[in-house]
Amino acid sequence: MRMVSPSKKILLAFRCPLSRIIDKRLNGKNKSAVNRQRFIERFKNQIKKAVADAVANRSITDIENGEKVSIPTRDISEPTFRHGSGGQREIVHPGNHDFIQGDRVPRPPSGKGRGQGKKASNSGEGLDDFVFELSKEEFMEFFFEDLALPNLVKTQLATLNENKFVRAGFTSDGVPSNINVIRSLRSAYARRIALRSPYTKRLHEAEEELNRLTAEGSDLDAHRIKELHEEIAYLKRKIAAIPFIDTFDLRYNNRIAQPKPTTQAVMFCLMDVSGSMDQAKKDMAKRFFILLYLFLTRTYEKIELVFICHHTTAKEVNEEEFFYSRETGGTVVSSALQLTLDVIKDRYPTSDWNIYVAQASDGDNWYDDSPTCKNLLINKIMPLVQYFSYIEITPDSHQSLWHEYQHVKSTFENFAMQKIETVNDIYPVFRKLFKKQAANS
Amino acid sequence: MNAKPLSTTSEWTFDLLLKYDQEISSIAADYRLDTYPNQIEIISAEQMMDAYSSVGMPLGYHHWSFGKQFLEVEKGYQRGQMGLAYEIVINSDPCIAYLMEENTIMMQALVIAHASYGHNSFFKNNYLFKQWTSADSIVDYLLFAKNYIAECEKRYGEQEVENILDSCHALMNYGVDRYKRPQKLSLRKEQIRQKEREIYLQSQVNELWSTIPNYQQKEDEQADQIFPSEPQENILYFIEKNAPLLEPWQREIVRIVRKLAQYFYPQRQTKVMNEGWATFWHYTILNKLYEKGSVTDGFMIEFLKSHTNVIYQPAFDNPYYSGINPYTLGFNMMSDIRRICENPTEEDRQWFPNIAGSDWITTLDFAMQNFKDESFIAQFLSPKVIRDLKLFTILDDDRDTHIEISAIHNEEGYRCIRQKLADQYDLSSGEPNIQIYSVDGRGDRSLTLRHFQYHRRPLSPDTVDEVLKHLARLWKFAVKLEVVTEDNRIKLINEVAIG
């Protein structure tokens, strides 16, 4: 009487006069999932802001984590009519130590007259925020939403481990569409030989004896000959009755999921840190780098990041410095490209590394330098890299760099450039990249 | 009787639970506890969090506020700040109680005694519950409400429904009848009635607001009458019946929230008694189990640890103090009534001549059945309990620079403390007294509320505006709030126009 089917609502039910004990552990949990979703929906704006802050504060490589979101309690409280402070009230408290009737005590600073020991008031400012944990998936959802990614790309980035189905021998069961004809027929043949063999052996013996007896021509053997004829006919029937093919013979192509072969990639982040790039532009650039990084994590097992910032000269820096240091002065873009080239030659041979470059700038450059950039790219860098993406964060009209880069774009398929005013504009620069991956997977 | 313990380890099994339940049940019967049949459900921690966040309703409609509660519970649980699952018990017939699978057999036995026999008998016998709730039909009604609201969401959009629910929740405490007995709730009847109600109500509302006068004379008469003829304290009821522009489905949602408020109303009025009663009985029953030899010393030590945690009362100056612990107060009072009956002192004979020396089971049962927190404290709070808890009162008057200790646990103070504590548990003095006073039927159709001040206590300005906006959303015309001071002056303090 212990176990009933687990699909039943009531798993175990013991009866006694008054009580029933019911196991509901297998019933649905997450009854609150809908309510949780509603909550998140309702406070979307606050959560979005928290996600944006988190993106600004996190390292690029640390992007895929949940996040603590805090919302001011005031925003989420549900109002009801309540008494405020003031008026007269008389409240009973426990734990008197040494008060006696008629004692007069200065009003405690909280001023509410209730709950003297209480630290926080329950209204006004100074409230604890309502803090809750956004799951990794929810966090990414908000991040993607901000970037206006197409759904296909979202799913692409949201699935963590991609598997590839590869052939792995044959199995004896499967779906009809996977039947392997040759293997099936071969095993049918083997089965037929095996099942036939005792009969064929006997048949040969019988035929031999028959031949011998017929040759001798003895009358005495007439009965035996008749017997042998019957036996031969019986054995032939038996052999003919062995089925040509049986379900037992069927063989199916087997496929197993195998993690996609992964390799290593290096991602160069190039950014102009001259005075004209303010923090807002840098934050936008950061999203651009994050997106490329996320893409690469889906494709490569190991990713290294190289941060190169430049104004008139370029240097390799750590991530912290990359996003937050501020320099002044003019802009020579070719310095960064040259450094990139040097680093590639030095540390990342193309035989071992897939190289991706992402460059963000506000389009400023020394006028003379732009043709140099074009030449560097066309002659030296582009042949080495998988993909080069360039974003220009500016509301203004294009300058020389953009026009020179246009030439590069027309020459190389794997070069993408985009002018960006809001974060929504970032995605198109990767469009081709993602399309390619979608086609491969 | 039963010299061998029921179990010696802390593991529980279904067989064992059943044995404990039978044992507890027979002890409860000896003490003449009258209960609904029990339905004890074993659930996981996640499910317990779900149950917590839907205020213990076995099925609730969807609303973001429950999601908020869930996140709070989840956070607390994950940080280990709160032990989950002491008990959730539902006032239904059969009485549903939840046991969490992670708990030891001691906790399970404790919860069974506390919830399935303690709370259960309280639900079945206390006059407020008998009068105001229908334990046999609540689950049905919740199901009806959940389905109805889901249906509305499909038809009118989640946002629309959420708006109405938000507004209703803001006024939920003003959605109870205090003096009339509500109708029984049951699923089938409710569904049929809902249809009829929809048609009827809409026609009534239209009549009230009809702009074409039948007789000139009649209208003149109306002009002199204030509508409603008497102030209405059940604001949601008034809205449901009289709000001019609500759609029928919106009225039904108002009704659902109102019904739920009504269902929980007795619980809000009997917190001390209900918890005190259940705590008293788990304590008494488990001690009896121990006396009979059914449980081991280890079991008992574990039990006493939990029990002391439950009835822990930090003093007023302790950082953890957050008011009087209803478990402590209730348990102390219940235990004290037994003491007064069994071993009365001279003081008890003087204070409680009727119960001192009487049969404690009968007396306690009488107290449980016929009182609510306010009257229970006024009747039964003894000087001994006041001394034990060292209760004192603070008079806080905003016209005074200091606060004053107005009574302590001494001969002069007992009655005062008893009175003040009883008042403190009177919902009508704790919540602002706000009633619907009039509707300007011939003018701008505005609705006027009146706040009857008590001890000059004002409304909290942080929320008044918000709540009035919610009310205006339901009424769909301007809403005004007047305050009536204790010397009968009337002042308009707030007005929310409809945009």
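Residues are numbered from 1 along each chain as its sequence is written, and chains are lettered from A and ligands numbered from 1 in the order in which they are written. Because the model is predicted, local features need pLDDT of at least 70 and side-chain atom pairs count only at pLDDT 80 or more, while totals for chains, interfaces and linings use all residues.

The C-alpha trace of chain B spans about 85 × 55 × 45 Å along its principal axes.

Chain B is divided into domain 1 (14–126 + 270–305), domain 2 (311–428) and domain 3 (431–496), with bounds that come from an automatic or database domain assignment. The centres of domain 1 and domain 3 of chain B, taken over C-alpha atoms, are separated by 42 Å.

Within chain B, strands S6-S7-S8-S9 form, in that order, an open sheet with mixed pairing; two strands pair if DSSP finds at least two bridges between them. Strand S6 (433–439) and strand S9 (490–496) of chain B are the edge strands, each pairing on one side only. On average, neighbouring strands of this sheet are turned by 25 degrees against each other, direction ignored. Strand S7 (residues 447–452) and strand S8 (residues 479–484) of chain B run parallel and are joined by six bridges; Leu449(B) has Leu481(B) in S8(B) as its bridge partner.

Turning to chain A, there are 13 helices and 14 strands. Strand S10 (residues 302–310) of chain A runs antiparallel to S11(A), and four bridges join them; here His310(A) stands opposite Ala314(A) in S11(A).

Where do the two chains meet? In all, 83 residues of chain B are in contact with 57 residues of chain A, a contact being two residues whose C-beta atoms, placed from the backbone, lie within 7 Å. On the side of chain B that touches chain A, helix H3 (residues 64–78) of chain B gives the most, with eight residues. That side divides into 35 nonpolar, 28 polar and 20 charged residues; Ala, Val, Leu, Ile, Met, Phe, Trp, Tyr, Cys and Pro count as nonpolar, Asp, Glu, Lys and Arg as charged, and the others, Gly among them, as polar. Strand pairing also links the chains: five bridges join strand S2 (residues 19–23) of chain A to strand S1 (residues 38–43) of chain B, and the two run parallel. The bridge partner of Asp23(A) in S1(B) is Ile42(B).

Definitions and conventions:
Axes fitted to C-alpha atoms, helices over the stretch in contact; angles between N-to-C directions.
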